[in-house]
Structure formats: structure tokens, C-alpha cells
Amino acid sequence: MVNITDYNSEIVPTWCPGCGNYVILSVLKQALAELNIPPYKTVITFDIGCAGNGADKIIANNFKVLHGRAILPAIGVKYTNPELTVIADIGDGGMYWEGAAHWIAAAQRNEDITVLVHNNQIYGLTTGQTSPTTEKNYPTKTYPTGTVDEPINPISVSIAAGASFVARGWVGDPSHLKELIKQAIQHKGFAIVDILQTCVTWNHLNTLAYYKERVYKLEDTKYDPTNKQLAYQKAEEAHTTNKVPIGVFYKADKPTIYKKYPQVLKKAGLAVKKRGLKELINNL
Ligand SMILES: Cc1ncc(C[n+]2csc(CCOP(=O)(O)OP(=O)(O)O)c2C)c(N)n1
Ligand code: SF4
Ligand SMILES: [Mg+2]
């Protein structure tokens with residue numbers, strides 16, 4: 001039986017007091033323990049940034065990678081041993097700007113990884129520049145008189161690109177976030193959880209109080225996450241109204257990359273030897 005303490009690292013986080021990253025780290029450990037996945041079967045690729053600084057704060061097989069590049073090594077690991085749980089852990093800047101091409105391509109191919117995006121709507125580590133999800137008019141170091149662009153909508157772009165599991169959680173409701181992360185990890189195919197994370201130092205707009213007023217759960221309404229059109233409508237809601245829906249926006253039963261293109265498993269020697277290619281693919 002896996003215990004949450006199995007994931008505990010001795011390294012003390014250096015995030016600012018009150019940073020939402022503390023919640024995400026703790027919730028991720030709880031989710032993995034509750035799914036009974038041991039650290040030796042878990043691989044996490046951490047991006048650059050405050051989010052990425054979680055790399056040595058959780059015991060697993062972790063990689064610290066270049067900015068915007070957390071997805072590619074995650075895919076590489078999964079091809080080598082598809083029976084591992086592989087998670088890319090990345091900030092909004094790394095994912096939705098520097099790594100945007102990788103985001104789209106991985107979603108399109110339905111790569112079998114989980115991506116957790118710490119979406120604090122700012123470049124945190126580099127001290128408060130506009131990110132792709134910063135709200136229009138919010139003043140930052142790069143736009144002192146107010147951010148000029150409309151923010152990217154990560155939910156609708158993920159769905160349009162082909163992701164088969166698209167969810168959003170927030171750090172103000174850790175148990176709900178934990179359930180989303182568990183579902184994402186169990187999902188076969190490309191799963192993304194956009195996590196609304198507070199940055200108490202550089203983002204004074206999207207605070208806990210801001211979200212508390214706006215957030216509601218999709219599952220508390222008559223919502224069908226397999227309805228793509230409805231998913232797009234709900235994804236727009238956070239951008240066009242004063243409401244922020246959270247939960248599973250969209251999920252689809254689509255063939256994973258292995259079913260479409262089994263050749264990617266040619267390096268997965270051990271797993272193939274153990275199970276045989278056909279049985280392995282059937283279980284993925
Ligand atoms: C290719 C590259 N571009 C820029 C940087 C500088 N850089 C380091 S962290 C960072 C911002 C990270 O923002 P985000 O991904 O949102 O993570 P956060 O710090 O907010 O968690 C930038 C621009 C870098 N290290 N590498
Ligand atoms: S700068 Fe923001 S994201 Fe980074 S540790 Fe501090 S509160 Fe967290
Ligand atoms: Mg950020």
C-alpha cells in the first residue's frame with residue numbers, strides 16, 4: 001500500500017508563503033498515493049519556473065528540463081516504458097507560450113501523458129512579466145500600463161487540438177483538484193489539467209478571493225463532458241462572463257498514439273518482452 005509519506009522529500013520548498021504551488025504539490029502526492037502508484041513507477045518532468053522548482057520536493061523519478069520542454073521528455077519516457085505513470089509539470093508560460101507547439105502536437109496525437117499546468121497567469125520566477133494567460137489590462141513588468149492582448153484560452157485550444165481529457169481545477173478546493181488529477185492520471189491518452197494557481201507576489205488580480213466569488217463546479221450543473229460544443233461554450237464562459245467553471249470540460253474515448261502507430265513502442269523492449277506487443281497495446 002502506497003503512503004503519501006513515500007512521496008515526501010526532505011528538501012524544503014522556497015516558494016513565497018501563501019503560494020498556490022504548496023497546495024498543488026501536496027495534492028499531487030495525495031493523488032498518487034490514493035491511486036496506489038509507488039514513486040519508483042512515477043516519472044515527472046518539471047519545467048523551468050516557480051512551478052518547475054517542485055522537482056526536488058517530491059520523491060519520484062524526476063527530470064528538470066528546459067523552459068517549455070516538459071512534454072517531449074515525458075513522451076520519450078512513456079515510449080520507453082508505457083507502464084510508468086508519466087506526468088509533465090509546467091507553468092502557464094512554459095506550456096502555453098514557449099512549449100505551445102509541443103502542447104498542440106501532443107494533444108493532436110493523443111500522447112499518453114498527463115500534463116499539470118500551474119496557471120498563475122504570470123511569469124512568476126522571472127518576477128512578474130505578462131504570460132499567455134494574463135488578463136487583458138493587468139499591469140505587469142512587460143506592460144506597465146496594462147497587458148494589451150486577450151489571454152489565450154487553454155481549455156478551448158486543448159479541445160480543438162485533440163486532447164482527450166481536458167479539465168480545470170483551482171488551489172482553493174484541494175479535494176476537487178485531487179479528484180481531477182486522479183482522473184487525468186487514469187485517463188488513457190492526452191490529459192491536461194489547467195490549475196488556477198495563486199501567485200501572491202506578482203498576480204494581485206487573480207487571488208483566492210477573486211476566484212471564490214466566481215468559481216462553480218460543472219458537475220453541480222447538468223453538464224455532459226462528452227458534448228464538445230457544450231465544452232467550448234463553457235470554456236468561453238471564464239473569458240466572457242464573471243463566472244469560472246471548473247471540473248472536467250471534455251473527455252473522449254479516442255485511440256491513443258500506440259493504437260494509431262504501434263511503432264513508437266519499438267524502444268519499449270522490457271514491457272513488450274513481458275507482455276507481448278498486442279497485449280501491451282490492448283492495455284494502454
Ligand atoms: C528558453 C527560455 N526562455 C526564457 C527563460 C527565462 N525564464 C525562466 S522562468 C521563466 C518564466 C516562467 O513562467 P511560467 O512558465 O509561467 O512559470 P512560473 O514561474 O510562473 O511558475 C522564464 C521566462 C528560460 N529559462 N528559458
Ligand atoms: S513568485 Fe508567485 S508563483 Fe513564484 S513562488 Fe512566489 S507566489 Fe509562488
Ligand atoms: Mg506562471
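1. In what follows, Ala, Val, Leu, Ile, Met, Phe, Trp, Tyr, Cys and Pro count as nonpolar, Asp, Glu, Lys and Arg count as charged, and the others, Gly among them, count as polar. With that grouping, the shell around ligand 2 in this predicted model divides into seven nonpolar residues, four polar ones and no charged ones.

2. The residues that surround ligand 2 include Trp15, Cys16, Cys19 and Asn21, together with Cys50, Asn120 and Gly124; Cys199, Val200, Thr201 and Trp202 also belong to these surroundings.

3. Around ligand 1 there are 18 residues, of which Gly49, His67, Gly91, Gly93 and Gly124 come nearest. By class, this shell of ligand 1 holds six nonpolar, ten polar and two charged residues, and its largest share, four residues, is supplied by helix H3 (residues 92–98).

4. Turning to the sheet, eight strands form an open arrangement with mixed pairing, and their order is S2-S1-S3-S4-S6-S5-S8-S7. Strand S2 (61–64) and strand S7 (215–217) are the edge strands, since each of them pairs on one side only, and neighbouring strands of the sheet are turned against each other by 20° on average, direction ignored.

5. Strands of a sheet pair through backbone hydrogen bonds, either parallel or antiparallel. Here strand S3 (residues 85–91) and strand S4 (residues 114–119) run parallel and are joined by five bridges; Ala88, for example, has Val115 in S4 as its bridge partner.

6. Helix H2 (residues 71–80) packs on this sheet, where it touches strand S1 (42–46), S2, S3 and S4, and the direction of helix H2 makes about 180° with that of S3.

Note on methods
Residues are numbered from 1 along each chain as its sequence is written. Chains are lettered from A and ligands numbered from 1 in the order in which they are written. This is a predicted model: local features need pLDDT of at least 70, side-chain atom pairs count only at pLDDT 80 or more; totals for chains, interfaces and linings use all residues. A residue is near a molecule or strand if its C-beta atom, placed from the backbone, lies within 6 Å of it. Helices (H or I, at least four residues) and strands (E, at least two) are DSSP runs, numbered from the N terminus. Two strands pair if DSSP finds at least two bridges between them. Axes are lines fitted to C-alpha atoms, for helices over the stretch in contact, and angles run from 0 to 180 degrees between N-to-C directions. Two residues are in contact if their C-beta atoms, placed from the backbone, lie within 7 Å.
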